[in-house]
Amino acid sequence: MLPIQLAETERDDFDGPIVEFWRGDDFIGMVFWDGNAPIVQFYPDADGDVQDLDINELQRLLDTALKIVDPDAFGEELDDLREAVAAANEPEWGDDHPATIELLGEFDAQAVYRTEDGEGFFPKAVAAAFISKCEEVDLAVVEMEGFDLEGDTLVPRPKLDLQVSPQSVMSWSEFRTFANASAHDTLRSWPNRETLVVAFVFQQPDMETIVA
């Protein structure tokens, strides 16, 4: 499950700041100050279903949102809080290869599921674009696994698997294109069903491997 992020914003029909809760592209709800009290509103997901929220995470987010919307909160403490929120919402990719930063910056939010350790799973159509982007920015897909996402459960499909080994007779650019072409060909052979999701491991030119 993706972590919830905070976004401070303003609207013409509200006097003070509003704090919105987002999980990827899904709007969770918002907190605002109404007269003498803070108000929180939660909404169903895009399909109209109930959204599951972790109580501990929610409590932390509500405490932070309250400090932002409370008109009695002011000064350097609030500025420090806003800076901390902005930093927490930024992906931690600062030490990665520039191509990796570009790739993850485009595709990180398109994962439909993430494990607790951050591994992402992408729909088949997004997976095809992911492979193309790797080729474009000089990265190589070296591992690919298919699963079915049934609700919040990942179901392994052992036959949907690809591993591409380094080839000593190839230059990096030759290997990169070979690996990405193999990933494209393999992905095209996998079933076209809405539940199918794909996990990736890709390699940088410096040979470091990254779990997407």
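**Charges and a helix: a quick chat**

Me: Let's begin with D108: what does its relative accessibility make it count as?
Reply: D108 has 27% relative accessibility, so it counts as partly exposed. Keep in mind that this is a predicted model.

Me: Thanks! Which residue does D108 form a salt bridge with?
Reply: That would be R114, and the closest N and O atoms are 2.6 Å apart.

Me: And R114, buried or exposed?
Reply: Buried: R114 has a relative accessibility of 8%, and the cut-off for buried is under 20%.

Me: How many salt bridges are found in the whole structure?
Reply: The search finds eleven. One of them joins the side chains of E106 and K133, at 3.3 Å from N to O.

Me: Where do E106 and K133 sit?
Reply: E106 is in helix α3 (residues 98-107), while K133 is in helix α4 (residues 124-136). They are 27 residues apart, so this pair links distant parts of the chain.

Me: What about accessibility for those two, E106 to start with?
Reply: E106 is partly exposed, at 38% relative accessible area. K133, on the other hand, counts as buried at 9%.

Me: Which residues are linked with E106 and K133 in a network?
Reply: E102 and E136 join them, giving a network of salt bridges with E102, E106, K133 and E136.

Me: Why can such side chains pair at all?
Reply: Because opposite charges on side chains can pair when the charged atoms come close.

Me: Switching to helix α5. Which side chains meet in a salt bridge with R188 in the picture?
Reply: R188 meets D185, with 2.4 Å from N to O. Both lie in helix α5, three residues apart, which is about one turn of the helix.

Me: Is R188 buried or exposed?
Reply: R188 is exposed, with a relative accessible area of 57%.

Me: Last topic, the surface. Which residues form the negative patch?
Reply: D25, D26, D47 and D49 form it. D25 has its place in the loop between β2 (18-23) and β3 (26-34).

Me: And D25, buried or exposed?
Reply: Exposed: D25 has a relative accessible area of 64%, against a cut-off of over 50%.

Conventions:
Residues numbered from 1 in each chain as written. Predicted model: local features only at pLDDT ≥ 70, side-chain atom pairs only at ≥ 80, totals over all residues. Heavy atoms only, no water. Patch = residues over 30% accessible without salt bridge, like charges linked within 9 Å, V, L, I, M, F, W, Y side chains within 5 Å. Areas by Shrake-Rupley, 256 points an atom, 1.4 Å probe, with all protein chains shown as cover. Salt bridge = Lys/Arg side-chain N within 4 Å of Asp/Glu carboxyl O. Lys, Arg positive; Asp, Glu negative; His and termini not counted. Charge placed at Lys NZ, Arg CZ, Asp CG, Glu CD. Helix = DSSP H or I, 4+ residues; strand = E, 2+ residues; numbered from the N terminus. Buried < 20%, exposed > 50% of the residue type's maximum accessible area, 1.4 Å probe, protein only.
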